[in-house]
Amino acid sequence: MINLKIDGKNIEVEEGTTVLEAAEAAGVYVPTLCHHPQLTPYGGCRLCMVDVEGARTLQPSCTLPASDGMVVNTNSEKVLNARKFVLTLLFSERNHFCMYCQVSGGDCELQNRAYDEDMTHWDLQPNWQPFEVDASHPFMVLDNNRCILCRRCVRACGELVGNFTLGFEERGADSLLVADYDVPLGESSCISCGTCVQICPTGAIIDRQSAYKGKEIDVEHHVGVCTECSVGCQRDVLTRDNHLVRIEGDWDAPLNHGLLCDQGRFLPLEEDRPRLLTPLVRKDGSLKAATWEKALEAIEAGLGKGKGLAALASTRLPIEDLALFKSLFADGLEAELVTSLEEGFPTASLAALADATSDPFEDSLDALKDTDAVLSLELDLVEDHQVAGFFIKRQLQDGTKLIVADSDENKLADKATLKLDFKSKFLDQLLDAVENGSDDDGINKAASILKEAEKPCIVYGEDFAAQADEKELQALLELKQALNATLIGVKGNANSMAASQLGLDSPFKSNGYQSAFVMLGDEKPTQKLVKALEEVPFVVAQAAYGSQLTGNADIVLPITMWAEQSGTYLNMDGRLQEAVKALDAPDGVLTSQEALLKIAERLGIEPETDWEASLKSRVPTIEIQKA
Amino acid sequence: MKAFRSMVLVSSDPDSMERGALDVFSKLQQQIKAYDLDEEISLSMISDVSKKGRDPLVLVYPDAVIYGSVTPADVPHIVEEHLYKGQVVEEKQISPYDLSGSVAWLSARKGTLPAENRIVLKNVGLIDPEIIDEYIINEGYQALGKVLNEMTPEETISIIKDSGLRGRGGAGFPTGLKWQFVKGAKGEKKYVICNADESEPGTFKDRLVLEGDPHAIIEAMTIAAYAVGANEGYIYIRGEYGLAISRMKKAILQARDYGLLGENIFDTSFSFDLHIHAGAGAYICGEETALIESIEGNRGEPRSRPPYPTTKGLWQKPTLVNNVETLANIPAIIRNGAEWYKSIGTPSSPGTKVYTILGNVNVTGLIEVPMGITLREVISIYAKGMKDGATFKLAQTGGSSGSIIPASLQDTPMDFDSFKNAGVSLGSGALLICNEDVCVVDLAKVLLNFFRFESCGKCNPCRIGNKRAYEILSNISEGVGTLKDLDDLLMLNDQLYELSNCGLGQTACSPLHDILTHFRAEVEAHIKLKICPTDVCPMSGRWAYQIDGYRCNGVSLL
Amino acid sequence: MSKPTVASDWLCGCAGCHMSILDIDERILQLVELVDLRATPITDLKEPDEDGVTVGILEGGINNTYNEEVAKKMRERCKILVALGDCAVFGGVPAMRNFCGAKAALQRAYVDAESNDSEGKIPSDPELAEMTHVRAVHEVVPVDLFIPGCPPDADIIFYALTELAQGRIPEIKNDKLHWH
């Protein structure tokens, strides 16, 4: 432990703490600009300089390791002059027009630092050299006039996301933020994760969707889990006057610590499907608006029960809805088929393995954040589950090896140490190679990489799970043992794991069903599902948005979309997290739960509402815990 | 190796080559063979001993005769008269004092001049750097042999510490102490780096060692690696030094061939190998942490220190970074002992220093003299006085960010401590001597332009402050400066010193500060009287850096 | 003891800062107890008194030679010069003209604008002031007090004027300091 004095306060910190961290711990405020708690300290902006007794010059507190007996002064006259000097230079370097910038007035860290120093004017005027504005990207605008060259975006794109799109060209006063080798951002290798937008302290990188729509003082925050995939990142949904303004990552979230992907951050605001606002009942061949009463009447008349009834639910819906759904249709109506829209594709085989071994075998996503070798099976983590992909990509520069085994093209292949062809019996062969060596060079190399690694990790997703037979899965478990590896199973949608726990994983085969109940939520139905349902004479759909499926249905009930409902989600590594309601639904639109309860009441059924108990109905692939 | 009675050396620098040195060389070869002298006379090409306009040169040893502007037509006559009959061809002979920009002082020099003491430049210009045997014959690799076979790493460090050798890259840090830090640092894997980035304007001392005596560096780095416990090293040579890079590459290959690099050197358990990394045109990469970043493949931006490279350097491993000149001293110290080294120079700064003499003097070039001679001695004795009888006005020591020395400080002994006490810096040893025709505002402007251009851009004060200072000086040189500008410049100097991330920013404005201390009246003349006393500055009365709002059509610089 | 006198003028601005002054609403009655409002662009007297005023207020930045004259005159005739609003303090919105130059701006406005129905012509009357690079007021004359804002709130202006009226230099900071 180290003892030092900051502004007269004594504080004890651990070895390796920087002076800035020590000051924070002591409750002493030191202004910063290029610093961010998620990034390695940079020491570029020189705003955090402090006076250290005995040092030749002022020292940057963000990078200076605290040492025993240090005496630090953070507000001597020298320090205050230095801060004003740095800020004055920064304002004069580029064109910082506060009057019409959308982050001006509380959201700009540069401006706020100037306010902190009571700056009422600029001692140095800018040189009025205009800089490029890059508006080529669909979601972000890069305005070099407002850039303070703090490199937070460059470091985030590299250290947090591992994409390394943003960088700097030229040197000195000609330094410029560029994408790749100076191409427009919209044509670059940018994957639109938006981390740079979130981390930019000024208005240099801004979000197009929410520009001018809401400053910090105007908006409300709703922090909850993202419902786009089974990673389960925490995100902050910003609303204003019951409108979605922007989605941001939550820097304090333990799993994703601020990271999101375009699916969770930008795409939800691009929703353009028609919204369903009233119940619809088919009369004389076409769907007509009706009251809830009329719709429930029609459901009672046509739904049926037992054999001939199929019920399918979206895995984007909260566990509460899914448990209620199961209780109503499986227990209450004893429907012939009660399953999810995914039909168990990402989970069935693995769940069966857990059933057989009675032992959870998968590990937490945190293992992926600190691994020295990754074997990825039929998975690229580039189209979906991107944040898990970031965990891998960002370690590749530090020596972590990546083995990609895929039967198809894999988008991570060009970053991989080794690309292998994934065929059936692959894991069997690999296990053999680990134990006895192999004739196949590729598999041999993979085996030696994994054997040498101290913390190897095997990652697989639904494509692997769907084709894996018992023997392959056995091999998987044995590999885990032999290599002391962690296993990470990527699971599909936000609640695919919950659906699996509830047993909603049977396939939907055309079996002459008479009626079907589809709890679609806000999911986009697949063509396959639409086609399959065309064979069913009576279809009831619960959906938020109109689609071909609802267009073909006999009864349509309007329900909430993801932002209008709260609920619990079980992510791929067993964390139970809450999604938080951010918007009020339009009048007349109910949540799936409320709709189900209405139906249950109508049919005289009292469904089970203890979803927690129903989650325990089978052994999970990974222990479930409340996050 | 054969013994020859005469050595004939032909200069092979780019200028000489352009003027047909190769033809001269082949003609000499042909003629020497024709006279049947090829068993007695060794003929080689050597590195830069040129003076513009006098290339190519042919030097004959041990006669210490230099022939200038030699053409193939001159060759038969020279070979017949001098090499065959022994008579110097006086009409082609040039005085050694006419040579500049290189090692021009031949050991057979007569006269009352204090002898140079060549330790660093011992072999430069006297051996063929592309033949390893010539290095070996001249006590080459003896020090390495001694160290590996007779000394422990601790003893090696001890002798360097005792010798008092201080870093010659500019900072003057005690070398032995640095070696000890790296030795004591935690970790198995360590690196040794030779900083051959030499980008300081006016300095080319390292280039001569790299081109003329590459094996000295290889030997020194191997000794250093043994002492600190490293087995891998890098030589970071600036990209512009094409000849140095190719010669060093060749030297490394030859050393490996002879078992002097690689596994089990001298049949001991010690292994060491070297890589060459070429720079790409950034002055900032001479700063040791920026150099390390560059080797790692990142932008050459200095890191925050602490931690220092001695604990966390290349790939975060303990790394020793030494300048070429510093390393070139090592073999000699090992061979001759610490006491010998301490007997040269001054107590606080033992040994010699290679100075580059530039500017308005009669003889420019490199000299290697013991530490402690004064500037006046340098000018009057070695540089043979100010050119055309001009008056000394100022000298800049130590490179572009070095101190400006007015006439009053000419008698300060040039060693690290005496200089520091007088408030000036010795730096890397470039001595720019200026006469009364040099305008101090123009000089400051040129220096600041250099720093503005070379700033890496990581930290705000240096990136923006240097540009501002340059703009202010440009305005002063156009005659539109104000007295407030001088206060601003001094303020920029103070703040840049306090706040910058590395030495570039910290010292960029210090020549300016010296100028304002010693030559303020001249600067004020530009402002108050709107004249340039030396008639150098444009003084057009127009702003260099302000935009005419009406005429500007907004053409961006991008 | 006569009350301190206040005069104001506007340069290259939108007059919004003066509207903001008016936004002090009925507090103007309090204000005139403390100060004597002499010249403003929106009252009868247009120029500051020849024998000087205590406080001079300038809104707007320097955009042409006429602005320079007005600024210099105000500086000469007042003890404390206040730069009011972002245009006066920083150059403000008009300073965007510095990116394209006055020539291009005039061309766009008088010749190329979509709303011009006939051959546009850039005014060239010799009596028109010459356009310059757009600058903040303090680049032309020394300023004693800066009140940024676009516009500064009426509350800030009221506070500043009452402080000045009582012989104190107001502290523009915390909730009184905003640049937007």
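Visitor: How much area do chain B and chain A bury between them, and what share of it is on carbon and sulfur atoms?

Guide: Buried area is the accessible area (1.4 Å probe) that two parts lose on being put together, summed over both. Chain B and chain A bury about 3,100 Å² in this way, with 52% on carbon and sulfur atoms. In chain B, the residues that lose the most area to chain A are B:Arg468, B:Glu498 and B:Leu499, together 20% of what that side buries. Please note that this is a predicted model, in which local features need pLDDT of at least 70 and side-chain atom pairs count only at pLDDT 80 or more, while totals for chains, interfaces and linings use all residues. Residues are numbered from 1 along each chain as its sequence is written, chains are lettered from A and ligands numbered from 1 in the order in which they are written, and side-chain values use heavy atoms, with hydrogens and water left out.

Visitor: How many residues of chain B are in contact with chain A?

Guide: Contact means heavy atoms within 4.5 Å. By that rule, 36 residues of chain B are in contact with 41 residues of chain A.

Visitor: How many salt bridges does the rule find across the interface of chain B and chain A?

Guide: A salt bridge is a side-chain nitrogen of Lys or Arg within 4 Å of a carboxyl oxygen of Asp or Glu. The rule finds four across this interface. One of them joins A:Arg171 to B:Glu454, with the closest N and O atoms 3.4 Å apart.

Visitor: In what order do the strands of the open sheet in chain C lie?

Guide: Strands of a sheet pair through backbone hydrogen bonds, either parallel or antiparallel. Strands are DSSP runs (E, at least two residues), numbered from the N terminus, and two strands pair if DSSP finds at least two bridges between them. In chain C, five strands form an open sheet in the order S2-S1-S3-S5-S7, with parallel pairing. Its edge strands, S2 (36-37) and S7 (145-147) of chain C, each pair on one side only.

Terms used. Helices (H or I, at least four residues) and strands (E, at least two) are DSSP runs, numbered from the N terminus.
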